[in-house]
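This report covers salt bridges, strand pairing and a few individual residues in one model. The sequence and structure come first, and the description follows.

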Amino acid sequence: MSTMSAFHPADPVEVAAFIADAAAAHSSLSITGLASKAALGRPVKTERHLDLSRLSGVLFYEPDELVISALAGTPIEDITALLAENAQELPFEPPSFADLYGTGSGTLGGCLMTNCSGPRRIKAGAVRDFVLGIKAVSGRGEVFKAGGRVVKNVTGYDLPRGLAGSFGTLAVATEITLKVLPRAETSATLILENLDPGRAVEALCAAMGAPVDVSGAAHLPLAAATAQGFATPITALRLEGFAPSVAERLDRLATQLKPFGAAERLSEDSSQTLWRAIRDVTPLARQAEKIIWKISVAPTSGPKIAEAVAHVHSTEALFDWSGGLVWLALDPCPDAAASLIRQAVAQYGGGHATLIHAPVETRAAVPIFEPQPPALAGLSRRLKDAFDPHGILEPRRMWAEF
């Protein structure tokens, strides 16, 4: 990211004024909070840099109402710590890519704009599912708000969800209001050992279909498992809730999984360590030179795609979301294996492949996000023109065309 000048606003009014000035001058902007995900997406060269790290702080928190609102630059760690004091949590389990990018944890705004969610997404949903309201500034420098403090707020377009995953290309969020949930009293994990990825996904899907309320379902092949201190590939299933309920459901789940082998229960500390590593992709992040892809597909397609890539390239894998989220780590290779990976995704039912970690020159040459069909690309272009008619916000961060 190349910038000529940086601005550190202290409040939303200064954000709006700065963007309005940039719009008038048709000056391009890059936007960061703590820059924890600056290497995610295409490299951006801009004339100005908007740094939201000073735009930090919780505006209100009502534990009884399960609602919190904070400025966009507020560190996620600050929010999770505050919620923990009241035995509450962000249900979407926001990941930290500190290991992956060698940075610190991110901000609330960055979490929303990248729509990053952790292992609990299969049960609870994504970031966008918990956004109640947002205040933001468009590429015109116009302040707007959408939603509010309650779930039943359906007037007009669902802009908070629409901005989730937009990488700052449509608007700059200044304030975000979220629904939170009580934190589980306890969590526990059942481990199956030595399954191959295909058989592991069968076990994960069987567990997800059982009435035991699984909140995490992942498979670590040998390399990933070894990185976490295990001697064999492991297939992990997490249950959360009140202790008596968790114990009873664990017994039922172990019985359900007997055709896949004997299940071992991890201690609560070991369980939390494992799921934090899965959340943060730690097993694949230990070698900085690796190319890393994030692939979202149907669960049964995940092992097939990983195998297709492994036939051509040396590959390490991690499967989350019952096999529907595949992380692949590859040695540096031509076009980062993008053509091969996207061909495999299309062959096995379709989905999305996103290049998460690669050198700058690779990220500049390879489509980072799944190429859009013409109709969807046209819609994306019209949205960009509506929110940011001068194209100043994170230009070409997502797509080479705009």
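## Salt bridges

Asp21 and Arg48 form a salt bridge, with their closest N and O atoms 2.7 Å apart; the term stands for a side-chain nitrogen of Lys or Arg within 4 Å of a carboxyl oxygen of Asp or Glu. The pair links distant parts of the chain, 27 residues apart, with Asp21 in helix H1 and Arg48 in strand S3. Helices (H or I, at least four residues) and strands (E, at least two) are DSSP runs, numbered from the N terminus. This is a predicted model, in which local features need pLDDT of at least 70 and side-chain atom pairs count only at pLDDT 80 or more, while totals for chains, interfaces and linings use all residues. Residues are numbered from 1 along each chain as its sequence is written, and side-chain values use heavy atoms, with hydrogens and water left out.

How exposed are the two partners? Asp21 counts as partly exposed at 43% relative accessibility, whereas Arg48 counts as buried at 16%. Buried means under 20% relative accessible area, exposed means over 50%, and partly exposed lies in between (1.4 Å probe, protein chains only).

The count of salt bridges comes to 17. Among them is the one between the side chains of Arg279 and Asp280, at 2.7 Å from N to O. Arg279 is partly exposed, with a relative accessible area of 22%, and Asp280 is buried at 8%. Glu394 and Arg397 also meet in a salt bridge, at 3.4 Å from N to O, and both Glu394 and Arg397 are buried. A network of salt bridges links Glu89, Glu93, Arg120, Arg238 and Glu240.

## The parallel sheet

Strand S3 belongs to an open sheet of three strands with parallel pairing, in the order S1-S3-S2. Strands S1 (5–7) and S2 (29–32) stand at the edges with a single partner strand each, so one side of each is left without a neighbour in the sheet. From one strand to the next the twist averages 25°. Two strands count as paired if DSSP finds at least two bridges between them. S1 and S3 run parallel and are joined by three bridges, and Ala6 has His49 as its bridge partner in S3.

Helix H1 (residues 12–25) lies across S1, S2 and S3 and runs at about 165° to S3. Axes here are lines fitted to C-alpha atoms, for helices over the stretch in contact, and angles run from 0 to 180 degrees between N-to-C directions.

## Asp51 in strand S3

Asp51 lies in strand S3 (residues 48–51).

The side chains of Asp51 and Ser53 are joined by a polar contact of 2.7 Å. Such a contact is a pair of N or O atoms within 3.5 Å; within protein, one must be able to donate a hydrogen and the other to accept it, and residues adjacent in sequence count only if both atoms are side-chain atoms. Leaving aside residues up to four places away in sequence, Asp51 touches Phe7, His8, Pro9, Thr32 and Gly33, where contact means heavy atoms within 4.5 Å.

S4 (residues 58–62) and S5 pair in the antiparallel sense over four bridges, with Val58 opposite Ala70 in S5. The two strands form a hairpin with four residues between them, and Leu66 in the turn has a positive phi of about 60°. In a regular strand the side chains alternate between the two faces of the sheet. Both faces of S5 are covered, with Val67, Ser69 and Leu71 buried on one side and Ile68 and Ala70 buried on the other.

Strand S5 (residues 67–71) also runs antiparallel to S9, joined by five bridges; Ile176 in S9 is the bridge partner of Ala70. S7 (residues 131–138) pairs with S9 in the antiparallel sense over seven bridges, and Gly133 stands opposite Thr177 in S9. Eight of the nine residues of S9 (residues 171–179) are buried, so S9 is largely enclosed by the rest of the structure.

## Ser301

Ser301 sits in the loop between strand S15 (291–297) and helix H11 (302–310). Ser301 is buried, with a relative accessible area of 7%, and its side chain reaches the backbone oxygen of Tyr348 at 2.7 Å. Ser301 and Gly198 are 103 residues apart in sequence and 9.0 Å apart in space, C-alpha to C-alpha.
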